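Reader: I would like to go through this model term by term. Show me the structure, and I will ask what each label rests on.

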Amino acid sequence: MSTIKHRLTPLERSERRLGFAMLAPAFLLLAAVVVYPIADLIRASFTFLHLAQPWMGNPFVGFDNYAKALGDERFLEAVWHTVLYVIVTVPGAVVVGLGLALLANKPFTIKWPVRLGLLLPWALPLVFSGLIFRWFFEYNQGIANAILRGLGFAPLNWLTDPTLAFLTICLAIIWKASSFVALVLLAGLQTIPKSYYEAAEVDGASAWQQFREITLPMLRPAIFVALIFRTITAIQTFDIPYAMTNGGPGNATETLAMYIHKTTVDFLDIGYGSALAVLMFIVSAVITSGYLRYTRRDPGRH
Amino acid sequence: MEHGLLRRSMATFGLAAALTLGGATLAAAQTTLRIFTGGQQRPDVMRQIVDVYMKNNPNVKVDVEVGGATSEQQQQYLNTVLASKDSALDLVLIDVIRPAQWSAAQWAEPLDTYLGAEKDAVMARYLPAYRAANIVGGKVIALPYFADAQFLYYRKDLLEKYGLQPPKTWDELKAAAQKIMAGENNPNLRGFETAGAPIEGTVCTYLVPMWGAGEDLTKDGKLNLAGDAAKKPFALWADLKAANVTPPNLAEIPTDRIRQNFQAGNLIFAMTWGYVWNRAQNDADSTVKGKVGVVPLPGFTADKQATCIGGWQVAVSAFSKNKAEAAKLARFLSSPDVSKMQAVLASHLPVFPAVYEDKDVLAANPWFAQALPVVQAARSRPVTPRYTEVSEIIRTNMNAFLAGTKAADAALADMNGRLGAIFR
């Protein structure tokens, strides 16, 4: 594409005007549902706004809410838990998802049961998966403890021991998220030409070599897409721990999104909750732009 | 002959016209009221009650909306509806802890003008605790629907088998539970349960022993957690846990799970609310029909028994478009007749002292004869517009302690710090 500027002909000018006119509704809609709420959130984060105390009004308090957040142990713990969920569930879901995608990419004669099996966890609502896993791990009624008892072991406090609760939640998240990752990777796998493998076969490459030298490099863009999506949703983890432990025991499994929900919806402390939401927004934006920069700098060298 | 036919067809026409006109006026005057209730407050019984109201008030249609199994889940939903000033709900059933918060947030339509000159006379008929709970800053915020308190449920058959009396102290409870558990040798049988999950009911799990030790969470509006009484609840529950009387998963037990375990025959003692009686006696899957006893909760000493006041109130939403009709329905729902209906159909404790002595009520709930003094002596959780935060701080710490992840000192320190910021 040349970038030489030239004068627009009247026809081009009117086409351009038409183009903007046709885009305007989309812009307006986005402004109404994205830009305005974010702007209002940022405004609210610099004010005191507590709906349980309406007589206090909505005064401007500068950076007070942000200063409070940095000294709020509960907030810092929630951030730390969220980071742990990201560290465990993002690679976890990608590894499991890759395995599933490779399996689904095998030349099955009937493809739909395999694809359906892949899709189902993804199609389930998040809270639903959370509830299912909670039933698995409940102390008295859960199947996990039933198995342990059957094998002669003592039952475990899956949901009320902080470490076990964290691990069971991670398991539920990985189960749920790996199917989405698998779908993205399966799409990537289908774009790799069969001839590459045939050539490798002729050269005597082992299956492992084929995987390392062909599949993985060719899949890099797809893996990056999956990583970005998974990381962003992992930062926003809410539904599954909410349904499984409601953040408990105490607040040992509470994520940042859950703390924001509690602050705004339960406590009605909209000002402080908005500041927390802005902080989460910044974290999300920084991580995403980091990924994007990395992918742009390094567009699949192989 | 011809005359008769004419007369008949005239009459038919007249009837048809009358029906059409009548139908039209009926439709025009029809008001639809929507009332919100929690799933645990027996919405089936409320439907029977509003059916009576609709029969007597054909111009009003009442929809019952059901949500949230626990008090804090309901309030979560209501927070979003009411913070956005949604007019979809006309009446809401609210927990006894909420009127102060609802008054401060201006979500409840004060009922003073609707009660008019009768206000003082109407309010004087209720149990004093409910009169006090529903009048905030001199205004009637809601009207009592049913009363409640925590009682000790016990297995009459098991206590009789081992020659035991219902315990009056926590030590007696522990000894009785241990004796029965050892004798029964049933791995599913547990000694005692109370709410331990991070839910509203767990606030009472902390407060009841504190009250029993003679103190309250606040004193003259200031936080009162420095003394020994504040440590008593931790010591009590740790003791029962160490003795294996409470189950290892107490921290995942919400209110209704206690009822389920009790009904399944897996519990000797349960600290829970009035509604359990009716379910344990009448539910198809109850294995303990006729084997249940109810007495006041134990204390550290037999003369110092404390319990948490509960119960539900009818509030008219400040955003309702039919406030006058809604207030009329609220008065009906808060009448002695409805109190009696609930007592018979759901073992909901009446809000009028006289209903406790009603023959039908006592036939359905023999233990109501001893329940009135318990309800009258029951104590309130702290009254503050920021109750949701107060509740969350107490229940989260209690839950962490019961799960064994937080020591009593650490939980108490966290409660001190965070509650201190609210009760300044």
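Author: Start with one pair: B:T37 has B:V66 in β2(B) as its bridge partner. This is a predicted model, so local features need pLDDT of at least 70, side-chain atom pairs count only at pLDDT 80 or more, and totals for chains, interfaces and linings use all residues. Residues are numbered from 1 along each chain as its sequence is written, while chains are lettered from A and ligands numbered from 1 in the order in which they are written.

Reader: What makes β1 and β2 of chain B a pair?

Author: Pairing requires that DSSP finds at least two bridges between two strands. Strand β1 (residues 31–38) and strand β2 (residues 60–67) of chain B have eight bridges, in the parallel sense. The strands themselves are DSSP runs (E, at least two residues), and helices are runs of H or I with at least four; both are numbered from the N terminus.

Reader: Why is the crossover from β1(B) to β2(B) called right-handed?

Author: The path goes from β1(B) through helix α2 (residues 43–56) of chain B to β2(B), a β-α-β crossover. Right-handed means that, with the strands pointing away from the viewer, the path from the first strand over the helix to the second runs clockwise. The crossover here is right-handed, so by that definition its path runs clockwise.

Reader: Which strands form the open sheet of chain B, and in what order?

Author: The order is β8-β11-β7-β12, with mixed pairing. β8 (190–193) and β12 (292–295) of chain B each have a single partner strand, so they are the edges, and one side of each lacks a neighbour in the sheet. β8(B) pairs with β11 (residues 267–272) of chain B in the parallel sense over three bridges. There, B:R190 stands opposite B:L267 in β11(B).

Reader: What are the two domains of chain B?

Author: Domain 1 is 10–148 + 311–377, and domain 2 is 151–307 + 386–422. The bounds come from an automatic or database domain assignment. The C-alpha centres of these two domains of chain B lie 30 Å apart.
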